Amino acid sequence: MKKNLRWKAILVLAVIALSLFLSFPPDKKIQLGLDLRGGVHLVLQVMTDDALNRETDQVIIRLQEEMDKELITYEVMSKDENRVGKFTIQQFESGKEGQIRDLIDEFVERDWDLSILGSDATLVMKQNLILYLRDQAVRQTEETIWNRVDELGLTEPTIQRQGGFTGDRIIVELPGVENSERVRNIISKTAILEWKLVKAAADDVETLLTEFGGEVPADMEILEGDPEKAERRYYLLNRVAEVTGKDLRMARRSTDDYNNPVVLFTLSPDGSKRFHKTTQDNVGRQLAIVLDDKVQSAPVIEDVIPTGSGRISGRYTMEEADDLSLVLRAGAMPASIKYLEQRTIGPSLGKDSISKGFFAIIAALLMVLVFMGVYYKRTGFNAIAALILNILILMGALAYFKASLTLPGIAGIILVIGMSVDANVLVFERIREELSQGKSIKSSISSGFSRAFRTILDANMTTIIAAIFLFQFGTGPLRGFAVTLIIGISASMFTALFVSRLIFDVFVTNGKKREKLSI
Amino acid sequence: MRYKLFAFGLSGIFIAAGILNMTVGKKITPGIDFAGGALIQIRFIRPISISELRQSLNVRDLESTKIQEVEKEQREYIIRAMLPEEEAEQELETHAIMAEKIVDLLRSDQDRQAAQSGLKDLNNIDISEIIRLLEPSFPNEAINIAQYVFDTKENDTQKGIIENFDQLPVEDIGPEALELLKEKTFLGSLSIKRRETVGPQVGSDLRRRATLATVWALVGMLVYIGIRFKFAYGVAAIFTLAHDVIITMGIFSFTNREVNLPVIAAILTIVGYSLNDTIVIFDRVRDNIKLLRKHDLSQILDTSINQTLSRTVITSGTTFVTVVALFIFGGTVINDFAFTMMIGVVIGTYSSIYQSCSLLYFWNKIFKPKKGLGK
């Protein structure tokens, strides 16, 4: 029996030590939720239909070019008004059905379903492309927001997609920021990305301007190469950009036929038309890609690009190609954003909540402790010890899981204080009953615990079930509450059944035979 | 058990009153979490009464704004921008604009002039902006100075608003920095402590989730009890719980409070917690049915309740006491939650003692289950 006790005591001590270690010092180890720290909380929805529409537009342009090439006439290619990702080639030239099928096979890849009714050909985007585009739109938006928020140089921003793979909502949490307008503006702005035609390039300004009599022509400007991305050269560029970031829809790293890294990009229909014209008129010249007035790269236009999709090739490593696509994407918002929720908590309110919360916890704790001490006399000490251990374990768990402490979380702690007493009371009442029936101290304690066990389990289980559902369906701060409840109540079962029992056992086996139990 | 009819009657009145009020009467006011809208908590530099506030906001479109005072010092208020009924489903932007309008109306003229001349409002500023202001003149100490200013502004005495420049700690920040701040900033007449704007999608989303959570939780309970006890107990328990929820909501509807997410959380917690008491009693009943075979059900139920009475009262007492602590000391933000919990705990205990067993009794009488209620 004594050996048993020793192991149990060691276990309890280990738990105490672990909890203390995990949660001290509290200001560093325990994360505070936004409602206690102050900051901005935004929930926005990515309108992924935009992305689908743009892809449809691209495909339509492509097809139009090809049909024109093959001299197939049609009345109009129109998008379906009621459904994204669907369009119809109406009234195409009769007898050209076979050609049309071939064209579609060749150019539109296998992501569209074709159905022909009379002389109308309808194309519908396949599910996998739809899912892919929607997902991409959200990811890209998430990434762009990250980049933008990075500029603010904030401590620990949180940017999270809600809803798993098919979710289209993003939660942005910025502790310490008070101005949500500014945040919204930064997130929605477009970094200035421009494609400008290069007139000349040189290593210094004088050489650059020798052809022009040492002066910058009126419709041109000099921009420097970005030292990290391009060589430190000077470029004489057309002032007016041919295409800008507003026209960019997608950019990603890929490889060309020789397995060299390249960057593929796609433009909007409008941008595509302009790009087409620019490349058509300027084969052989350099087209500089300028981000925020610094030249990123200036590839040579190798051939006409009719489709608004381009390829930027050059001596890029995989990493450079990645970086370049990141830069290009950083300037591009693939879809529009709708704000669903906007909350700003000032830091003084946060501090206020913290101090009030803790005051309430202490008040609650004191009341319960005093009561337990008075009503159950010395045995009440058991409950007090259990309660304090409870709170320690709770803190340790919160720190370990890196869960944020929120105001509802504090409320949860207070509730746990009240509820955890329950388990102890159940046991003590049973013990009292057994004692009043004349049983010995040892057996009263023993049956008290075993009888109470089932009841404690059942009763606390229901609160835990409720908390689990709350966790499932709740958001943010409420989840903190649910977590606190679940951990707190589980801990209280542990302390009431195991620790309290241990204290009793130690008391009982300690030397002389006890006559009375102070309960 | 003698009291069962009386208890039923009493509950019946409460339930009827509650349901009537919720449907036809005052109705339950949804907070912005469920209905969408805008909410601002503002602290004023000088005391201002509610009537003065209403006067300032007595403009077209803003008549139905709700104002609630925080902490009776006439300096801090929670203002809820309410759109006229027909336009309730507006997008977030509309609510945000309304909130802006309100803040603008409440600002003093001096504020507006100062802002127009390029000064920054020290009472509504990020710490990073303070740093930016100070950096040119104090490149090395800007961050420290800004921290002092910020901490002073946000401490417990100032609570987010500085009334005059003397309140800034001259010893810590230095007289030159103080002069610079006096030059480049003004002390706004109000400080926005909290601003929340919610669009309609979130509201409908939340309503759906809250309902699902409650329904599934109840189902979960039913299943759990059905397994651990017998079906009859499960039904009695569910009715007891439903009774708790309805009465709590009913009482809630008589107050001026709004239903927000924390309130729903409180209700779910009450559902779980009230079941606690009920289960303890049922547990006794189950035991006693085995032990006291000779007694009839009514006596068994009574005995069980009496045996567990002290325990029930104590635990509900301690929980109640802790929730009261939260209600009194916890501050405005968590107050609705605490209030709901308080009602819930009381009703829950009452129902566990008086209702749950009565329901068992009636079930037994009406349905006469074969094996009785033992297990």
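1. The thing to look at is an open sheet of 8 strands, running E6(A)-E7(A)-E1(A)-E17(A)-E7(B)-E2(B)-E4(B)-E3(B), with antiparallel pairing. Strands here (E, at least two residues) and helices (H or I, at least four) are DSSP runs numbered from the N terminus, and two strands pair if DSSP finds at least two bridges between them. The edges are E6 (158–162) of chain A and E3 (66–69) of chain B, each pairing on one side only. From one strand to the next the twist averages 20°, with angles running from 0 to 180 degrees between N-to-C directions and axes being lines fitted to C-alpha atoms, for helices over the stretch in contact.

2. Before going on, the caveats: this is a predicted model, where local features need pLDDT of at least 70 and side-chain atom pairs count only at pLDDT 80 or more, while totals for chains, interfaces and linings use all residues. Residues are numbered from 1 along each chain as its sequence is written, and chains are lettered from A and ligands numbered from 1 in the order in which they are written.

3. Where do the chains join within the sheet? E17 (residues 337–345) of chain A pairs with E7(B) in the antiparallel sense over 5 bridges. Opposite A:Thr344 you'll find B:Arg195, and opposite A:Glu341 sits B:Val198.

4. Two chain B helices pack on this sheet. H4(B) touches E17 of chain A plus E2 (37–44), E4 (76–81) and E7 of chain B, its direction making about 20° with that of E2(B). H10(B) touches E1 (39–46) and E17 of chain A along with E7 of chain B, and makes about 80° with the direction of E17(A).

5. As for the whole interface, 59 residues of chain B are in contact with 58 of chain A (C-beta atoms, placed from the backbone, within 7 Å). On the chain B side, H4 (92–106), E7 (190–198), H10 (200–228), H12 (261–291) and H13 (297–329) each supply at least two residues. H12(B) gives the most, 13 residues. By class that side has 31 nonpolar, 16 polar and 12 charged residues (Ala, Val, Leu, Ile, Met, Phe, Trp, Tyr, Cys and Pro count as nonpolar, Asp, Glu, Lys and Arg as charged, the others, Gly among them, as polar).

6. Finally, in chain A, H14 (residues 441–473) and H15 (residues 476–508) pack at about 175°, axes 9 Å apart.
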